Amino acid sequence: MEAKIKSKVFEQFSKASKTLLNPVLRNWKDQGGKIVGYFCSTVPEEVITAAGLVPFRMRATGSTSTEESDAYYSSINCSFPRHCFNLALIGEFKFLDGVICVNSCDHVRRIYDNWKRFVPGIPFIEVMSLPRKTEAAQVAWYRDEINLLKGKLEKHFGVKISNETLRKAIKLHNETRRLQKKLYELRKQEEPPITGAETLAVMVAGTAMPKGQYNEMLRELLNELRGKSGPGGHRARIMLVGGILDDPEYIKVIEDQGGLVVTDSLCFGTRIMWVEVDESLTDPVEALARYYVSERPSCPRFYGEHDNRAKYVIDMCREFKCDGVIGERLMFCDSWLVEHYMLGQDLKAAGIPMLKLDREYITGAVGQLRTRVQAFLETMGR
Amino acid sequence: MLVGGCDVGSATGKAVVMKDGGIISWEIIPSTTKPEVTARTVMNKALEKAGLSSITDLDYIVGTGYGRLKVPFANENISEITCHAKGAQWLLPTVRTVVDIGGQDCKVMSLGENGKVLEFVMNDRCAAGTGRFFEAMARVLDCGLQGLSELSLQGRNPATISSQCSVFAESEVITLVNEGMDLADIVAGLHASIASRLNSMVRKIGLVEDVVLTGGCAKNDGLAKALEDKLGVAVKKLPLDPQIAGAIGAALIAAERVSKRPVKAVPGKEV
Amino acid sequence: MALIDKHPELARYLSEFEWFKFLREQTLALSEIPEMQLQVKTIDSLLKMYSRIIDAVENDKPFLASYYCLAPEIYTAMDLPYYMVMQTPFLASSVPYLLQDIDAAEEMGLGNDLCTAIRLAIYYVEANLSPLPTCALNLLYPCDGAPLLHEVLKRNERWRNIPMFAPDPPYYADERSLEYFAGELRRMVKFIEKHTGKKLDLDELKKTLDNSNEMYRLWDEYNQLRRNVPSPHGWGIGGPQCFSQAWVYEAGTLQGVEWFRKLVEIAELNVKNGVGPVPEEKIRLFWFDLLPFGWVFEFLPWLESEWGAVMVMDMFANFPYTMIDTSSEEQMWLGLAKRNLFDSPMVRQARGVADNFANDIKRIVKDYKIDVVIWPGHMGHKDGSATVGIMRETCRDLNVPFIHLGLDLFDKRYSTPDQIKDKISQFFRAMGLG
C-alpha cells in the first residue's frame, strides 16, 4: 500500500516530518521569527504562540548516532533523549531561540540538566514541573506553572502576553485540533483515503510550523481528500498505542504487512487533539491548566488514570472498527511497559487482540518488526 | 495436488513437497549467503527426491523463515511463527506449546485446537538460546553439536552459569574448564541456563501440554531433557525431523490455498 | 497455620518474619561484638513492626501501606504500624527465594529493563503476596517506577477497593514547592484519619518530632565520627541501619533515640582506639546508592578484605538533614515536607533536577576525605544513569576518581559479583589505589 496521495501540500507535510528545519519554518526564521522547542506535549504551546514565537516539538529526526551523548547518558537510557541530546551537542539545534523541558519521564527530564551545563549558546532554557495526579490541587499548581512560564517568556523575549492574545492563540490551536480530528474522521471509512503513515507525517508537520499556515495547508489537504477513497487491500484495521512515535516509516512497515493503522493514542496523534481547550472560561490560563492536566486523554505518566485510558482505547477501537491493537514502546521506557502490561489484560477481557512491540527511536531492524506484525495479523486470521 | 513449503533460515534451508496431504520428500541444506540461491537449491533437491522435474510441477508454494521475502518462486510468504505451529501440530495433533530454536532466534508459540496461534513471544535480540550459541559452545569445547548433547546428559552436578549474555557465558565456560571442572557438568549447566530462558518465555504465554521442540536445536536431547526438568512436564518428540516443521507448515498452508479449505490433521503421514 | 489459610496474602510477609527471627537467634545474637549486638536491636525493631502488622491483620486493627519518605513520624504519632509494598528488595540480602520471585515477575510480562525492585513489588501485588492494608499511601516519586507500581496497585482487583491517597511531588526545591507538598501532607493526614478512625494529636506529633530530632542529632554526631581516618565503621554497620531506624521502624520513638546513642558510643570507642573494620584502611570510598542487597555478602566483604576499601559513606548514610522546628504547627508541616521531599535518601537526588547528584558528591568527598566515588549504576536508576556526565565532571573538578559500574542491586545474574570484582580491581589498579 504505497502512499497514494498526490498532493503538493502533502509533500510539504511529508518533508516537514523528515527534517527538523523545514522550508516553512526556515522561512519564518529568515523573516526574523523566533522558535522555541519543547519536550513534551503537556507544555502549553498556546503560551508560546501568544508570545509571538513558534512552538517546535523536539525530535531527533535524521540522527545517526549517539557518539557524543554517550558521555552523558548510559546504555540503559531511552534512545529518544540520547539522539536528541546528541543533535544538541553537535549543534543541530542552533536554530532554536529557546527550549522548554518538562519532568515528563526519567530519561527526557535529564536533557534539561545536561543541556544547561554542556550545550553552550542556548539563550533560553527552562523546566516546568508537571504534576503526577490530575486533581484540583494539581490543576491549581500547573496554572501557577503556566503563569510562571508566561512571565519568563515575557521577560526574556521582551513581549507582553495579555489574556486577549492568549485567548486568540487558544482559538488558533483549537482550530488545528479540529482540522486534525476531521482528518482522522476520514479514516473511519472502510477504505480510508489516507494511511496511518501519511497521517503521522501530517501530525508531525503540525508541530513544526506556525499554526496559522499549517491550518491553511491542512484545510487544503482536507479539501483534496474529501470524497476520496483509498486503494484498500489491507488485511486488518489497527489502532496504534504508544508514546513518542514521529517516524512514518515505522508505521509504513506495519502497513506494508497489511495492517492499516486507522487510529491511535500517540503523542503525535489523537491525544493532542481529540479534545479542545475550553474557550468559555474567562481565565485562559485556568483553561490551559485544566486541559493539559485533567481534560485531555492522558498518557501513563499520569497516575490514577489507567481505567480512563483503557476505556479511551476500547472506545476508539469500536468507533474506528479496529480489528486489533498494536502497542509500541521505546526500549527502557518504564511508563509504557507497565501501561501495556495492564492494557493487554484489559483488551483481552474486551476480546480485542493486542501485539506488544519494543522499538528503538531510530527505525532499524525492520525484519524483526515485519515478522512480528505479520504473525500477529496471521493470528487474527487475516 | 502437489504443493511445496520452503523455509529459508539463517543457518539452514528446508523444503518439503506434499502430495494429497502426505509428505513425499523433504530436504535440509546449509544456507548460502543468498537466500534466493538457498531457496532454489533446497527446493530443487526436494523435487528431485520426489521424482519431479520442475518447480512448475507444484500447484502452490509458500515461503517462510528469515529469508521468506527472497523466495522468488513462492506464491505467498507466511511468518515462521504460523508455519512452525502448523507443522508441529500436523505432526502431533496434541501439541499446544511449540518451542522453536532457530539459527539466530528462538520463539515460543501457544496453539489452539486447529493449529491456530494464540500468542507468541520471540527473542531475536541476542544469541542466547539459539543455534549460534550452541555452535559457539561446541567450538569452544571442541566437541561438536552431537557431543554437546551427549555430554549434557552425562552431567551429574550441572554447573551454575550465571551470565545472561552468551558472550559472557562463553568466558565463564572457559574459566570453568581451566579450573578443571568436569566437562559434562559444565555442558549440563549450559543447557540448564538455556532451558531457564526458554522456560521463562513459555511461562510468559502459559504452559499447556503437549510441548514440543522444533528447529535445528530440537535434535539436542540434552536440551530437551534440560527443558523438561525446568518445565516439569514431558517434551514430546515429533515423528519426523523437527527441523522441517516450518517447511511442513508452509506446505500445509499451500495445500489450503489450493483446496480452499483447511487441511485435516493427518498425523505425520509420509507417503 | 490457620492464619495463612485465612490470609494467603501474608505468605511472603510471614516468611520474611520467620527468616529474620532465625537470623537474629541463630547468628547475630550469638556474637558479643558490640556492633553485632546493635544489629540485634536493629532486627528487633523490624520484628516488632512485623508483629504489629501481623497482629493487625489477624485482629482487624488498622494499619497502613506506605513509604519511608511519606513522613513516618506521623504514623508513629498516630500509633499506626506501616509496611512498605517495596520492602522485600530492601531486605533482600537474606531472602532465599529472591531469584525465583524475580523470574516470576519477568514471566508476568514485566520484561527485564524495569527496575527489579519495582518488578518485584508489582509481582507481589498481582500474585496476592502483599498484606492488604486498611488504607494505602501511594508513592509518586522519585522515579517513574513509583507511580507505575501504584497504578498497578490501584487497578488490582484485591486492592481497588482499598482507599488510597498519593501525595503529589513538585519538581523543584523552593519555598513554593514546600508549601505545596506540606498541603499534600495535610491532606494525607485527613485521609488517614478518615479511614482508620485514628486522630493525629498535634502534641503527640510534637513529641514524636522532638524524639526524631534527637535521633537525627545523634546520627549527625555519628557521621562526624565516620569522617575520622580510619573510619570507625565500614559497610557492616552505618547507613542501612541508621536509615531503617530513623525512617522505617523507629521513626521518632524513644527506642530509636536509644539505638543511636548506643551507636555513637561504639563509634567513639573505635575512634579513640584508632580502629576500623580493616587492619589497614587503604581506600575510602563513597558508594552512591543503596547497597547491593541481593548479593551483598558476595561482594562487600571482599572489597574490605581484598583492597582495604572501606565504604565510609553511602547514599542512605548521607546526612543533609536539618532539625524540624516543632515550635508551631506550620513549621512542623514545612519541616516534614522538607525532610521527606528534599532531604530523604534517593529522593533528594532523583526526584527533581540533577543538582544534588553533584552537590552531594562535592560535600561528601570533602567532608569524608573520599578517595573514589562509585556510581553503582543500578539498572533501575534511569535518571541517575542519565546524570553520569554530570557526576563525572564533578569528580574531575574535585580530582577524585569516578567509576560507573552497571549492575542490578537485587539480581546478581545481571552483572555477576565476579564481573563487578574484576571491573573494580582493574579500576583500582589503574588509578594506583590500594
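Q: How many helices and strands does chain A have?
A: This is a predicted model. In it, chain A has 14 helices and eight strands.

Q: Which radius of gyration does chain A have, and what would a compact globule with 382 residues have?
A: Chain A has 20 Å. A compact globule with 382 residues would have a radius near 21 Å, so the value for chain A agrees. Along the principal axes, the C-alpha atoms of chain A fill a box of roughly 60 × 45 × 40 Å.

Q: What share of chain A is buried?
A: Buried residues make up 58% of its 382 residues. Contacts can be read by sequence separation too. Take those in chain A between residues at least 6 apart in sequence: 75% join residues at least 24 apart.

Q: How many helices and strands does the secondary structure of chain C come to?
A: Chain C comes to 19 helices and eight strands. Its radius of gyration is 21 Å, close to the 22 Å from the globule rule for 434 residues, so chain C is as compact as a globular protein of that length. The C-alpha trace of chain C spans about 60 × 50 × 45 Å along its principal axes. Of its 434 residues, 55% count as buried. Among contacts in chain C between residues at least 6 apart in sequence, 77% join residues at least 24 apart.

Q: Which residues lie on the two sides of strand β7 of chain C, and are they buried or exposed?
A: Start with the general idea. In a regular strand the side chains alternate between the two faces of the sheet. Now the case here. Strand β7(C) covers residues 372-375. Val372(C) and Ile374(C) are on one side, Val373(C) and Trp375(C) on the other, and all are buried.

Q: Which strands pair with β7(C)?
A: One is β5(C), residues 283-287, which pairs with β7(C) in the parallel sense over three bridges. There, Leu285(C) has Val372(C) as its bridge partner. Another is β8(C), residues 402-404, which runs parallel to β7(C) and is joined to it by three bridges. Trp375(C) stands opposite His404(C) in β8(C).

Q: How many residues does the contact take from chain A and from chain C?
A: The size of an interface is often given as the accessible area lost when the parts come together. Here we use residue counts. The contact takes 36 residues from chain A and 36 residues from chain C. On the side of chain A, α5 (110-118), α6 (136-157) and α13 (334-349) are the elements that give two or more residues. By class, that side has 18 nonpolar, 10 polar and eight charged residues.

Q: How many residues of chain B are in contact with chain C?
A: Six residues of chain B are in contact with eight residues of chain C. The chain B side divides into no nonpolar, four polar and two charged residues.

Terms used: Residues are numbered from 1 along each chain as its sequence is written. Chains are lettered from A and ligands numbered from 1 in the order in which they are written. This is a predicted model: local features need pLDDT of at least 70, side-chain atom pairs count only at pLDDT 80 or more; totals for chains, interfaces and linings use all residues. Helices (H or I, at least four residues) and strands (E, at least two) are DSSP runs, numbered from the N terminus. The radius of gyration is taken over C-alpha atoms; the globule rule is 2.2 Å times the number of residues to the power 0.38. A residue is buried if 20 or more other C-beta atoms lie within 10 Å of its own, exposed if 12 or fewer, and partly exposed in between; C-beta atoms are placed from the backbone. Two residues are in contact if their C-beta atoms, placed from the backbone, lie within 7 Å. Ala, Val, Leu, Ile, Met, Phe, Trp, Tyr, Cys and Pro count as nonpolar, Asp, Glu, Lys and Arg as charged, and the others, Gly among them, as polar. Two strands pair if DSSP finds at least two bridges between them.
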